[in-house]
Structure formats: C-alpha cells, structure tokens
Amino acid sequence: YEKNIINLSSELSENYKKRGYFKGPKINQNLIEKINEEIKIQSVSNNNNNYIIFNWNSDLKNILSKIIFEELKLTIIQLQKYYNSKIVLTHARIQRNFGYEKKFLEEKFSDNFHNDRWLSTYFKIFINLEDIDHKKGPTYIIPRDKKEDFIKKSRYKNRSNYSEVDYEHSYINIGNTGESLI
C-alpha cells in the first residue's frame, strides 16, 4: 500500500511518512468547553481499570460532527489525498485516565509501548480536552524513523517484554487544551 497507493506528493508525505505523526489544528475553544461541560454531567468514579469512557449523548455527537466537518476538514482532506482514499471514522472515544502507581510492565489502559499501525491506513486523532504536561501522563510516541533504534535499545519483543528505557527520541504529546495530534 505504502509503495503503490500513497500519494507521495501530498503535503503530508515527507514528515508524516517519516515520523508517523504530525500536529493537527487547534480545535475551537468553545467546542472543547462544550465537551467538558457535557462530560462533567456524567458520573465519574475511579474504577479498577483506572479510566472512564464517557457516553456519547446527542449533544456530544453534534460537537464531534462540528469538529470533524469544520475544525478538522482541511486535515481530513490532506489525509484523503495522502492515502488516495476516503477517510472513514471507525471509532470515537472520550476517555479520562486516572493515575496509579505503576509497577514495571503492569498495564491498566494500554500504557505500555505498543503498535497501533496494524494497517497502513489506520491513524488516531488525539484532542487535548485539558492542558497536558509531564505530570498528567502524556502519550509517548516513538517516531517511525526511530523504531528500529528503540527496539534495539529496549530489547523490545512485545508490549509485555522489553527493558524500560528513557528513550531520548520519544515524542511526548504534551500541549494545551484544544491542540490535536494525528
């Protein structure tokens, strides 16, 4: 797919193909505030999984629609040009993770290193619903062009079998409310 179908002349190809991620647009603060107001209404309790997945009510679905068709419209057009294909939303989730004292390789919510590139056309869009700093457990991403180095340095076999290393080339998804990462 990557050799024969991807549009290498698209605006995304150089950095996205090399690194595997890029910063998306900042989402309208009013929409983020509306999401936060809607999820604040839902009952939240810390469970054994240390996360909560919020329910999609009609107001949240309308906000998501505005984000996709207005805020992310140009980004989605760029992705469609890059993949030479229509983009289909297969899953949308609003999730809050709660901190816990992690023991090496213990996992509560996909917090060990793993691979989400099962298919060349699979991608995620993260939107910060609050400011994210190092204390809030940001997502760490190994740039695509550094994966072999990471595998070697961490002796990575799978998400349950690797040496914990402070990998210097990790991209740490910290940022302000409304920032997005693809």
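Me: What should I know about the model?

Reply: This is a predicted model, where local features need pLDDT of at least 70, side-chain atom pairs count only at pLDDT 80 or more, and totals for chains, interfaces and linings use all residues. Residues are numbered from 1 along each chain as its sequence is written, and side-chain values use heavy atoms, leaving out hydrogens and water.

Me: How many helices and strands are in the protein chain?

Reply: Five helices and six strands. These are DSSP runs numbered from the N terminus: helices are H or I with at least four residues, strands E with at least two.

Me: And what share of the residues is buried?

Reply: Of the 182 residues, 28% are buried, meaning under 20% relative accessible area with a 1.4 Å probe, protein chains only.

Me: Which residues does Ile-94 contact, beyond its neighbours within four places in sequence?

Reply: Among them are Ile-35, Ile-39, Trp-56 and Leu-129. Contact means heavy atoms within 4.5 Å.

Me: Switching to size, what does the C-alpha trace span along its principal axes?

Reply: About 45 × 45 × 25 Å.

Me: Last one: what share of the accessible surface belongs to carbon and sulfur atoms?

Reply: That share is 48% of about 12200 Å², using the Shrake-Rupley method with a 1.4 Å probe.

Notes. Buried means under 20% relative accessible area, exposed over 50%, partly exposed in between (1.4 Å probe, protein chains only).
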